[in-house]
Amino acid sequence: MGTKYNHCSFCGRTEKETGLLIAGIDGNICVDCIERAHSILKEEMSGMSKKDIPDFKLLKPLEIKSFLDKYVIGQDEAKKVISVAVYNHYKRINQPNDDNDVEIEKSNVILIGETGTGKTLLARTIARMLNVPFAIADATVLTEAGYVGEDVENILVKLLQAADYNVAMAEKGIVFIDEIDKIARKGDNPSITRDVSGEGVQQAMLKLLEGAIVNVPPQGGRKHPEQKMIQVNTKDILFIAGGAFEGIDRIIANRVGSNVIGYNSAKKEDIDRDNLLQYIAPSDIKKFGLIPEIVGRFPVLSYLDPLDRDTLKRILTEPKNAITKQFGKLFEMDGIKLVIKEEVYDFIVDKSIEFKLGARGLRSILEAILNDAMFELPSKNCKKLTIDLKYAEDAFKKAKVSQLSLGE
């Protein structure tokens, strides 16, 4: 009897081979078999029914915008548009199925704005508010099936991972497709040649956007015949796309009768030439190079205003999770009070504008200024750190400019 339980009852390996055996009443199990069983269990549980998903309280559009106001400064027009779109989308999901009822189409959203104006932040904040799975996909790495790169279906792999492979929850999630402008075809006219990273990818994305049952490889990568697929219905997944669409202002200018370069415009007195994006129309993104079918799958179109100095300065300090509050909290954990003088905010904003980094650059610049202090002070008996203009200028000069984040 003494040797009865010295091996794994599942794989047969001995305790010496596995390192650890967990004893049960009539047998043992090794760590490897536990991990395999856990993987199988997760896969089986991913097929749970919709009724097993925890309900969330859907806020009204005004309430959604109020929540966004805590985290996103400015961009009132975009916040209004996305609040209505999200409300209508999840209201549509929650309505009882009735074959005789009017079928409401999805409210996929496309946001157009310069780098660092808050496109990703808006989408991420909406997902946090609703407590639904959220994934970001980079359109620039996507290719048509059969080419080197990521299949379009891999967008859903990230969403599944965010939902811990609970398919039912993933099917209520939000996907943000970043840099969608980078897969625009080279012109408004269809090309007779293959466009691996452009029109072909747009065509491949259509079934995801409109709502279809898609076979998704569970671990991402290329599909192969022996691989077990997970079926995901995209009918209720909200897709939000964002892009800078550099140069689209000229397309808008031509349409509205404004000359961006010259001073003689037909409607000069009526047109704000510093922010032409506010006049964006679906025809403009079609002319830019998105195929009509893709444009049609994004019925909600909005823009983000360029960030001026005042807005950038407010972003530094006002949001609930403002960058300065985050760093203040980090120093507070070491018993250090961080004080930043008003003049330093102006310096950070000026550098962000100089390097064309937008709001995202604010963190990189502040991090560069505080890096030496964050390295040294936790080991010293320091109770207070005051950052004035001279400290900021000297610290920024020491930092390598190449370390600044240049991403969107």
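This is a predicted model: local features need pLDDT of at least 70, side-chain atom pairs count only at pLDDT 80 or more; totals for chains, interfaces and linings use all residues.
Five strands form an open sheet in the order S4-S5-S8-S3-S9, with parallel pairing. S4 and S9 (300–303) are its edge strands, each pairing on one side only. On average, neighbouring strands of this sheet are turned by 20° against each other, direction ignored.

Asp138 is paired with Asp178 in S5, and Val175 has Phe239 in S8 as its bridge partner. Towards S9, Ile112 stands opposite Tyr303.

**Strand S5**

Five of the five residues of S5 (residues 174–178) are buried, so this strand is largely enclosed by the rest of the structure. In a regular strand, side chains alternate between the two faces of the sheet. In S5, Ile174, Phe176 and Asp178 point one way, while Val175 and Ile177 point the other way, and all are buried. Helix H6 (residues 154–162) lies across S4, S5 and S8, and runs at about 155° to S4.

**The nonpolar cores**

The largest nonpolar core has 51 residues. Those touching the most other members are Ile155, Ile177, Met205, Phe239, Phe245, Ile248 and Ile285. Another core, of 33 residues, lies apart from it and includes Ile336, Ile348, Leu370 and Phe396.

Phe239 belongs both to that list of core residues and to the bridge with Val175. With neighbours within four places in sequence left aside, the contacts of Phe239 include Val175 and Ile177, as well as Ile155 and Leu156. Further contacts of Phe239 include Lys106, Asn108 and Val109, together with Leu208, Leu209, Thr234 and Phe298.

**Helix H3**

In helix H3 (residues 61–71), the buried residues are Ile64, Lys65, Phe67, Leu68 and Tyr71. They cover an arc of only 160° around the axis, which puts them on the same side of H3. An α-helix has 3.6 residues a turn, so residues three or four places apart point the same way. The partners against which the buried residues of H3 pack are helix H4 (76–94) and helix H5 (119–130).

Notes
Residues are numbered from 1 along each chain as its sequence is written. Side-chain values use heavy atoms; hydrogens and water are left out. Buried means under 20% relative accessible area, exposed over 50%, partly exposed in between (1.4 Å probe, protein chains only). Helices (H or I, at least four residues) and strands (E, at least two) are DSSP runs, numbered from the N terminus. The arc is that of the directions from the helix axis to the C-beta atoms. Contact means heavy atoms within 4.5 Å. Two strands pair if DSSP finds at least two bridges between them. Axes are lines fitted to C-alpha atoms, for helices over the stretch in contact, and angles run from 0 to 180 degrees between N-to-C directions. A nonpolar core is a set of buried Ala, Val, Leu, Ile, Met, Phe, Trp, Tyr and Cys residues joined through side-chain atoms within 4.5 Å.
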